[in-house]
Every structure is written in C-alpha cells, then in structure tokens.
Amino acid sequence: MRTRTLTLSAALSAALLALAALPAGASAVAKPRSAQEGSVSAAALLAKVTSCSQISNGKYKSDDETSATIPVCGKNGAVFWKADMDVDCDGQVTAKCSADTDPWFQDDTAFHQSDGRPLRADSLPYVVVPSSSSIWKYTSSGIKGGGVVAVVYNGKVEYAVVGDTGPTKIIGEASYATANALGIDPDPETGGADSGVTYILFKNSQVSPIESHSAAVSLGDSLARQFLANN
C-alpha cells in the first residue's frame, strides 16, 4: 500500500486532459458492475454501526495531509471503521495495475494466493489494513489475512478479503476491484472516494483459498447475518 498525495489541482488537470483526449460522445469512466452481494442489505449493516465503541488506542488519518479523526470501533464479532477509499493496485502486474498505471505501484501484497503469488488487485476485491502499531494491532482483534470484510458504499455491499497492509497511521484503502464493484472510480492515481465508505471486518474469519471471491461472498453473507443477529 502507498499513500495517495496528489493535490486537487493536479487531479483536476489530469481529469481535464483525459476528457480532452476522449472521442466525441465517449464516457470518461466505465460503468462498473452491480455490487449488491448476498442477502443482507447495506441499510441493515449500517444500522448496526451507527455508534462507535473505540478499540484503537488512537485515531487514524485518511491521507497524509489530513487530521487523525478515524477510530477503529468494536462490535460483537466484528470491528469497523468509516473512512475514504484510496485505490490499491499492488500485487500482480496486469494491464490495469502496473508501474505504468500507478505511480505508487508495488509488485507484492502482504498476503498471497494459494499458489504463492501476490494477489491480483484488478480482479480480487481486497481491503488494506494498517500495519500493527501502538494505535492498533489488527491481529489482536482477530483480524487476519484472508479475513472477510463487508465494504458498504452508496447503498451497495461488496464482500472482500483482508489482502494487504499499509502505513501505521493511515486507514481507508481497497483494491481496484473493490472500488470498481462499488461504482467508485478505480483509477489508482486519480480515483477513489473522499468519504462515505464503511468497512466491517469479521473477527476470526478466513477465506480459503484467499483468491476465491465466491467463497468470500458465501462466507461473508453468513457472517453478515450473524452480525445482525448478535448486535
């Protein structure tokens, strides 16, 4: 994971240049697929995370230049936070994720596929957790690589896995595939969402193999229903 530090003016300039290069009538952003996965609605999940019982020793920033205002909160069977979404393209080199498309690209992820290779960000929905620090140690909360995450945004639920770790003071990042599924611009340089993303991580869960999205959806739906019943 890396921190996105583009200024607003740079991002706007890049967007204007991209629009200028498009043929007449073309759309700047491809339409994402629908992301309502499983039987539990976004509204039902959000109704259970309206208040925060803070379990982190401090709070996180959403980006380098912001203040630390985001706590990690605890619930029965899960932890959660509400943040932005920066787009992580790290892992296997593909046409969509490489040093050519992402200035911060790294060809590895903290957790690997069953064949030992890094995860593939453009096809596997995964979430980045902060590396362990005095603020919060994710493993102490029952969170592990391959753990199931319900990512909620704009009325949609996307199930992902814990796939990478990031800076110790920043929170709010997920893979290209996660963003795309939720209707968020997945461009790792200029995309992402400034706010409104809820990440619910289910304790002591693990998808096997980690690269199976269908397994994440199946287990995630079951855990989400338990989460509603127990909170």
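Cys52 counts as partly exposed, because its relative accessibility is 40% (buried is under 20% relative accessible area, exposed over 50%, partly exposed in between, with a 1.4 Å probe and protein chains only). The model is predicted, so local features need pLDDT of at least 70 and side-chain atom pairs count only at pLDDT 80 or more, while totals for chains, interfaces and linings use all residues. Residues are numbered from 1 along each chain as its sequence is written, and side-chain values use heavy atoms, with hydrogens and water left out. The protein has two disulfides, three salt bridges and three aromatic pairs.

**Confidence**

- The average pLDDT of the protein is 89, and 85% of the residues score at least 70 (pLDDT is the predictor's confidence in each residue, from 0 to 100).
- Over residues 1-33 the pLDDT is below 50, and this stretch has 46 contacts in the model beyond near neighbours in sequence (a contact means heavy atoms within 4.5 Å).

**Disulfides**

- A disulfide is a covalent bond between the sulfur atoms of two cysteines; here a pair counts if the sulfur atoms are within 2.5 Å.
- Cys52 and Cys73 form one of the disulfides, with 2.0 Å between their sulfur atoms.
- The Cys52 and Cys73 link is left-handed, with -100 degrees about the S-S bond.
- This pair links distant parts of the chain, 21 residues apart: Cys52 lies in the loop between α2 (42-47) and β1 (73-75), and Cys73 lies in strand β1. Helices (H or I, at least four residues) and strands (E, at least two) are DSSP runs, numbered from the N terminus.
- Partly exposed Cys52 has a relative accessibility of 40%, whereas Cys73 is buried at 3%.
- The sulfur atoms of Cys89 and Cys97 are 1.9 Å apart, and these two residues form a disulfide.
- The S-S torsion of Cys89 and Cys97 is about -65 degrees, so this disulfide is left-handed.
- Cys89 is buried at 0% relative accessibility, and Cys97 is buried at 0%.
- With bonded cysteines counted along the chain, the disulfides follow the pattern 1-2, 3-4.

**Salt bridges**

- Side chains of opposite charge can pair when their charged atoms come close; a salt bridge here is a side-chain nitrogen of Lys or Arg within 4 Å of a carboxyl oxygen of Asp or Glu.
- Arg117 and Asp115 form a salt bridge, and their closest N and O atoms are 3.0 Å apart. Arg117 is partly exposed at 44% relative accessible area, and Asp115 is partly exposed at 46%.
- Asp122 and Arg120 form a salt bridge with 2.6 Å between the closest N and O atoms. Asp122 is buried, with a relative accessible area of 13%, whereas Arg120 is partly exposed at 35%.
- Arg225 and Asp221 form a salt bridge with the closest N and O atoms 3.4 Å apart. Both residues lie in helix α4 (residues 213-230), four residues apart, which is about one turn of the helix.
- In that pair, Arg225 is partly exposed at 46%, and Asp221 is buried at 11%.

**Aromatic pairs**

- The count comes to three aromatic pairs. Among them, Trp81 and Trp136 are edge-to-face, with 5.8 Å centre to centre and 75 degrees between the planes.
- Rings of Phe, Tyr and Trp (its six-membered ring) pair if their centres lie within 6.5 Å; planes under 30 degrees apart count as stacked, over 60 as edge-to-face and the rest as tilted.
- Trp81 is buried at 0% relative accessibility, and Trp136 is buried at 3%.
- Ring pairs link Trp81, Trp136 and Tyr199 into a cluster.

**Helix α4**

- The 18 residues of α4 should span 26 Å at 1.5 Å a residue, and the end C-alpha atoms are 25 Å apart, which agrees (the expected span is 1.5 Å times one less than the number of residues).
- The buried residues of α4 are His213, Ala216, Val217, Gly220, Asp221, Leu223, Ala224 and Phe227.
- These buried residues pack against α2, β1, β2, β4, β5 (156-166) and β7 (193-202).
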